[in-house]
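Dear colleague,

Please find the structure below, handed over for your records.

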Amino acid sequence: MTCQLDPVPTWLVKEMRELLSQFITVLCNKSLVTLCFPSEFKQAIVRPLLKKSGLDATDLKNYRPVSNLSFLSKLLERVVESRLQVFLDSNELMPSQQSAYRQHHNTETEVLKVYNDLLVAADSGLVSTVCLLDLTAAFDTVEHDLLILRLERQFGLHSVTLLWFRSYLCGRSYHVSFAGAASRTVFVACSVPQGSVLGLRLFIMYSADLADKAEEHDVNFHGCADNTQLYVHCRPEEIAATSAKQECCITDMEYWMSANRLRLNMDKTELLWAGTRYHVSTLNDSSPSLQLSNVTVDASQHVRVLGVHLSSDLSLDKHVSSVSATCFHLCQLRHIRRSLDADSAATLLHAFVTSRVDYCNAYLAVAPRTTTDRLQRVLNAAARVISDTRKFDHRLSRLILVYL
């Protein structure tokens, strides 16, 4: 994607890569040798995006300030990120409970890990309490001095490496662009830029101690970047003690966050009690909740973990209904199908329909046929739009294989 700060469009740089690559290489090497991140690369255009669809668009807290950076700055970050990745992997320094930036790990493996643990606990007659933590402006409150200190003492980065990272962090500025209007330029004294290559990784390294806090309280911890899940298994008669243990763990985490310039957002912290339908119906009568900083977090019937809906009875109906609802583009695409050729229709359907069906589809491995058949009907409808056929056309089975 081309940024307004780029001197030339990104597509042109890619097209002329054989000619420009040697100059870009000199630029990257010069930055690493002089331990200086170019000041022109520290400017950003922030474009606010809603964190979740359906949130109040008039509430500024619901926006994620994504930084749009120049192409060359992200390319330089990618060079440093690749070297940092080799160093962290070879020394096994990344938190084992973190799915982001770990080989063979992603959002799907995290969802599967959490869901599998809940299923195993339910099969053993246990119930599980799952708490989803949310941080207020997590990336925007990272203290640079604390981050540099953590990179040195906890991750073993020294001397010239730290000097380059300090140059990368300091002296950054941005202005907000929204609805055709632009704000004045703001210089930042803290934070790591969202939308950058290194920002997300630096935040993970900054908050790595949270996993240790959970381990101290014997609470299961799993995260992907700034998304954190805490869960504990217990017998139905032990829910009071388990809730107290989880409250103590989260309170301890909140103290750590306060000392490190982070803040837990109680308004968006969610709680789920999961287990068999019999155990969940029993728990609903007692309405277990968490008391955190004078705020009561009530249990929900459904929570959303990294785009996947998790139900208290561990059924998959809510998730499948949500995925099917997001594929409403099928109706709109059917109206314009006559104006598209088959390849264009297939491209649009892969972008708006099958990509949603495929996301975390391993989550549906244990789903009954009655549940997955609903998604199969969505794919069948998508195939009919691409092939411009009717529901009972005999060619449909072959076309599903060809286009999907």
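**Summary of findings**

Of the 404 residues of the protein chain, 43% count as buried, where buried means under 20% relative accessible area, exposed over 50%, and partly exposed in between, with a 1.4 Å probe and protein chains only. This is a predicted model, in which local features need pLDDT of at least 70 and side-chain atom pairs count only at pLDDT 80 or more, while totals for chains, interfaces and linings use all residues. Residues are numbered from 1 along each chain as its sequence is written, and side-chain values use heavy atoms, with hydrogens and water left out.

**Overall architecture**

The protein chain has 15 helices and 13 strands; these are DSSP runs (helices H or I, at least four residues; strands E, at least two), numbered from the N terminus. Along the principal axes, the C-alpha atoms fill a box of roughly 65 × 60 × 45 Å. Contact here means heavy atoms within 4.5 Å. Among contacts between residues at least 6 apart in sequence, 72% join residues at least 24 apart.

**Core and helix packing**

The largest nonpolar core has 97 residues, of which L151, F165, L202 and L230 touch the most other members. Such a core is a set of buried Ala, Val, Leu, Ile, Met, Phe, Trp, Tyr and Cys residues joined through side-chain atoms within 4.5 Å. With neighbours within four places in sequence left aside, F165 is in contact with V80, L84, I148, L151, L157, L198 and L202.

F165 also takes part in a helix pairing. The axes of helix α6 (residues 159-169) and helix α7 (residues 198-206) come within 13 Å and cross at roughly 115 degrees; axes are lines fitted to C-alpha atoms, for helices over the stretch in contact, and angles run from 0 to 180 degrees between N-to-C directions. On the α6 side the contact is made by W164, F165, Y168 and L169, and on the α7 side by L198, G199 and L202.

Q85 is found in helix α3 (residues 71-90). Q85 counts as buried because its relative accessibility is 16%. Beyond its neighbours within four places in sequence, Q85 is in contact with Y101 and R201.

Helix α14 (residues 369-387) has 19 residues and reaches 26 Å from its first C-alpha to its last, close to the 27 Å expected at 1.5 Å a residue; the expected span is 1.5 Å times one less than the number of residues. Buried residues of α14 include T371, L375, V378 and N380. D388, which follows α14, has a positive phi near 55 degrees.

**Backbone and cysteines**

Most residues other than glycine have a negative phi. E92, which is not a glycine, has a positive phi of about 50 degrees and lies in the loop between α3 and α4 (107-123). E92 is exposed, with a relative accessible area of 72%. L314 has a positive phi near 65 degrees and is placed in the loop between β13 (308-311) and α11 (317-326). L314, at 7% relative accessibility, counts as buried.

With a disulfide taken as a pair of cysteine sulfur atoms within 2.5 Å, the count comes to 0 disulfides. For C28, the nearest cysteine sulfur is that of C36, 13 Å away. C28 counts as buried, at 7% relative accessibility. For C249, the nearest cysteine sulfur is that of C248, 7.6 Å away. C249 also counts as buried, at 0% relative accessibility.

Yours sincerely
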